[in-house]
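Here are some questions and answers for a reader meeting this structure for the first time.

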Amino acid sequence: MAEEFLVVEDLKTWFPIRSGLLQRTSGYVKAVDGVDLTLRRGETYGLVGESGSGKTTLGKSVLRLIEPTSGTVVLDGTDVTKASKRELKKLRRRMQMIFQDPYASLDPRETVGATLSEPMRIHHIVSSRNEALKQSKELLLRVGLNEEHLFRFPHEFSGGQRQRIAVARALAVDPDFIVLDEPTSFLDVSVQAQVLDLLKTLQKELGLTYVFISHNLSVVHYMSNRVGVMYLGKLVEDAPREVLYKSPEHPYTYFLMSAIPVPDPEFKKETKLLTGDVPSPVNIPPGCRFHPRCPYVTDRCKTGEVPYYVGKGPHHNVVCHYNIDFERNMQTPRPEPIVAKPMAS
Amino acid sequence: MAFKEPPILEAKDVTVNFRTYRGEVKALDKVDLQLYKREVLALVGESGCGKSVTALTILGLLPQNAYVLGGEILFKDQDLLKISADKMRQVRANDIAAIFQDPMTFLDPVLSVGVQLKEAFQVQKDLSFGSDDNAVGAITDFLLKRNEGREDGRKLLSGRERDRLATDLSKKILELVRIPDSGRVLKQYPHELSGGMRQRCLIAMALARRPSIIVADEITTALDVTVQAQILTLLKEIRDSIDASTMLITHDLSVAAETADRIAVMYAGNVVEVATTKELFRNPLHPYTQLLMKCIPDVREPVEHLESIKGSVPDLIDPPSGCRFHPRCPSAIAICRQRKPVLKDVGNGHLVHCHLY
């Protein structure tokens with residue numbers, strides 16, 4: 001088993017809700033509420049879930065772009081959560097983020113060249129302006145643009161090109177870990193694949209490690225080695241890609257998969273519908289978070305945290321008390337051995 | 001599926017330009033479309049292909065800087081592009097309803113759902129539902145057949161009676177879109193509802209006047225997949241229970257595959273291919289359709305390499321000559337650059353705009 005590159009343990013990010021005259025904390029939005037995950041170097045961890053499930057907050061908390069409330073994040077042996085300000089700045093060179101909306105994440109008043117040189121200047125990677133421009137040119141070529149784009153402004157580019165610029169900016173500090181937050185959800189399908197392929201090629205060439213966040217299960221499948229499904233701030237299932245897509249064991253994963261529209265009108269699928277919406281992360285249901293929407297719910301699900309159970313596949317963790325046969329609608333309790341922490345992939 | 005009946009709505013050669021400070025955007029270029037009774041027609045394409053502009057043109061809701069250069073939209077023996085703004089309002093009130101992408105923008109945040117829904121029933125002053133106190137009877141009456149205004153021999157209702165009836169009707173219609181506890185929802189404000197519930201409320205408002213056409217513009221784009229599945233199922237149920245045609249506008253071919261009877265694929269202001277859903281997926285003819293289908297990842301049979309279409313969508317201020325797809329088309333030939341392809345009917349209602357056929 002190769003060394004673990006990223007280890008996240010029991011990470012929690014709670015946002016206080018302040019109300020009243022004294023702005024006292026009256027509750028918390030538990031955006032991320034105890035997430036464990038591990039990732040090896042050069043691999044991609046795909047995070048899926050619906051809006052409000054805490055994917056983006058998790059991504060930002062791992063990088064400490066949002067201060068996590070508790071828990072640890074260890075990146076290649078360095079504890080990110082305990083790093084001082086100065087240490088964190090050093091770490092920033094190694095970990096970067098690419099955001100969803102390339103129309104908002106690029107400064108409209110700066111040329112592409114300036115946008116790319118800024119991180120190099122801040123981290124003292126280059127000693128002169130010329131050197132910065134030279135390196136920016138190389139970056140542009142690397143992401144499939146060319147050097148004449150250096151002196152243009154973001155508004156002159158299409159969405160796909162802008163996302164390439166955002167990728168180049170993340171690469172400017174030569175990182176080895178990148179969190180990609182829905183990098184293609186603003187792009188058209190005909191362009192989406194171009195950007196995904198670019199990301200895959202860069203990963204191979206530069207040995208990058210990714211956390212890939214998306215609500216699109218098919219895109220996540222295309223990109224990831226291991227996939228985790230989030231629901232209301234917690235991972236409900238986490239497994240190697242093939243295992244998760246072929247034999248999901250958590251009912252939420254199962255319903256999520258069957259809700260995806262299939263591009264084939266002749267495919268007769270049984271549309272199984274979940275009822276209701278995702279509850280608010282302010283009032284998280286007790287017990288299993290999914291129980292109010294789960295058709296397999298029993299009294300046992302309604303109280304107490306559900307531990308990680310070992311799933312059928314290799315390195316497969318499921319947060320569900322039951323072994324459910326979705327075809328035959330049968331459920332049996334899982335055997336006892338409970339893993340306190342998820343097993344590494 | 002053969003369509004013997006004439007279409008209830010037909011767009012012919014519709015051309016729309018937008019004036020912008022950069023120049024004229026040629027947003028729609030001779031768009032031809034037919035919408036038949038009780039069908040779901042999906043308009044599919046990428047952003048900027050003109051699918052929403054087509055919807056807005058049909059609804060007469062184009063922005064100030066847009067103007068129609070030519071063509072006609074025939075509905076009930078009239079050309080929607082020629083009738084007065086007042087008449088168009090009547091059409092929108094009674095015949096063609098619209099549902100848009102973001103339910104929060106289209107619901108009034110300071111009015112309760114009930115007030116907004118009741119308004120839909122009360123737009124027309126002389127709309128009467130008959131004198132009998134049996135509201136349920138009136139509702140079924142109302143839901144079963146189109147209410148053509150006042151019926152003879154029945155006295156007009158007083159304001160209060162009408163309000164009560166509108167409330168009952170609103171409850172009924174919320175039940176129709178599967179909103180549980182409709183009495184409570186009527187008193188709630190849009191911000192208290194989830195995205196899926198808001199979208200259901202908008203659908204209910206659209207259905208309130210029993211339209212013969214529903215234009216649904218990206219109605220599930222802002223929703224999560226599990227909720228999207230609920231709304232799409234609802235749309236199919238409505239099609240089956242009410243005699244309405246739906247024009248479903250979406251960028252997602254998979255959504256179209258699951259919901260539509262026929263699909264029209266649009267690219268850069270042109271309709272490039274129209275066929276029944278099965279036919280289109282079995283036998284896509286236009287190179288753009290073929291490529292688009294390869295671009296969408298399928299969860300059932302994931303691939304190691306995803307296709308993409310080289311280049312990006314053209315700027316419609318200066319669209320490519322001839323076929324607008326030719327700069328990105330792998331099978332482009334000389335004539336594609338020079339002449340716009342004419343419509344070819346390859347049988348079974350499968351239409352394609354391409355020089356290859």
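In β4(B), Ala11(B) has Ile73(B) as its bridge partner. The model is a predicted one.

Q: How many bridges join β1(B) to β4(B), and do the strands run parallel or antiparallel?
A: The strands concerned are β1 of chain B, residues 9-20, and β4 of chain B, residues 66-75. One of the bridges pairs Ala11(B) with Ile73(B). The count of bridges between β1(B) and β4(B) is eight, and the direction is antiparallel.

Q: Which strands are the edge strands of the open sheet in chain B?
A: The sheet has four strands in the order β2-β1-β4-β5 of chain B, with antiparallel pairing. An edge strand here pairs on one side only. That is the case for β2 (23-35) and β5 (78-79) of chain B.

Q: What angle does the direction of helix α1 of chain B make with that of β2(B)?
A: Helix α1 of chain B covers residues 51-59 and packs on the sheet. It touches β1, β2 and β4 of chain B. Its direction makes with that of β2(B) an angle of about 70°.

Q: What percentage of the residues in chain B is buried?
A: Chain B has 13 helices and twelve strands. Among its contacts between residues at least 6 apart in sequence, 67% join residues at least 24 apart. Of the 357 residues in chain B, the buried share is 46%.

Q: How many residues of β3(A) are buried?
A: Strand β3 of chain A spans residues 44-48. On one side Thr44(A), Gly46(A) and Val48(A) are buried, and on the other Tyr45(A) and Leu47(A) are buried, which leaves both faces covered. The number of buried residues in β3(A) is five of five.

Q: Why do α5(A) and α6(A) count as roughly parallel?
A: Helix α5 (residues 159-171) and helix α6 (residues 189-206) of chain A pack with their axes 10 Å apart, at an angle of about 15°. Angles under 35 degrees count as roughly parallel. Therefore α5(A) and α6(A) are roughly parallel.

Q: Is the crossing of α5(A) and α6(A) left-handed or right-handed?
A: The residues in contact include Gly159(A) and Gln163(A) of α5(A), and Val191(A) and Leu198(A) of α6(A). By class, this contact has four nonpolar, four polar and one charged residues. The crossing of α5(A) and α6(A) is right-handed.

Q: How many charged residues are in the contact of α8(B) with α9(B)?
A: The axes of α8 (residues 195-208) of chain B and α9(B) come within 10 Å and cross at roughly 15°. Gly195(B), Gly196(B), Gln199(B) and Leu207(B) in α8(B) meet Val227(B), Gln230(B), Ile231(B) and Ile238(B) in α9(B). The contact has four nonpolar and four polar residues, and of charged ones, none.

Q: Which element gives the largest share of the side of chain B that touches chain A?
A: The contact involves 37 residues of chain B and 34 residues of chain A. Elements that give two or more residues to this side of chain B are α9 (225-241), α10 (253-259), α11 (277-282) and α12 (287-295) of chain B. The largest share, seven residues, comes from α9(B).

Conventions: Residues are numbered from 1 along each chain as its sequence is written. Chains are lettered from A and ligands numbered from 1 in the order in which they are written. This is a predicted model: local features need pLDDT of at least 70, side-chain atom pairs count only at pLDDT 80 or more; totals for chains, interfaces and linings use all residues. Two residues are in contact if their C-beta atoms, placed from the backbone, lie within 7 Å. A residue is buried if 20 or more other C-beta atoms lie within 10 Å of its own, exposed if 12 or fewer, and partly exposed in between; C-beta atoms are placed from the backbone. Two strands pair if DSSP finds at least two bridges between them. Axes are lines fitted to C-alpha atoms, for helices over the stretch in contact, and angles run from 0 to 180 degrees between N-to-C directions. Angles under 35 degrees count as roughly parallel, over 145 as roughly antiparallel, 65 to 115 as roughly perpendicular and the rest as oblique. A crossing is left-handed if the near helix is turned anticlockwise from the far one by less than a right angle, and right-handed if clockwise. Ala, Val, Leu, Ile, Met, Phe, Trp, Tyr, Cys and Pro count as nonpolar, Asp, Glu, Lys and Arg as charged, and the others, Gly among them, as polar.
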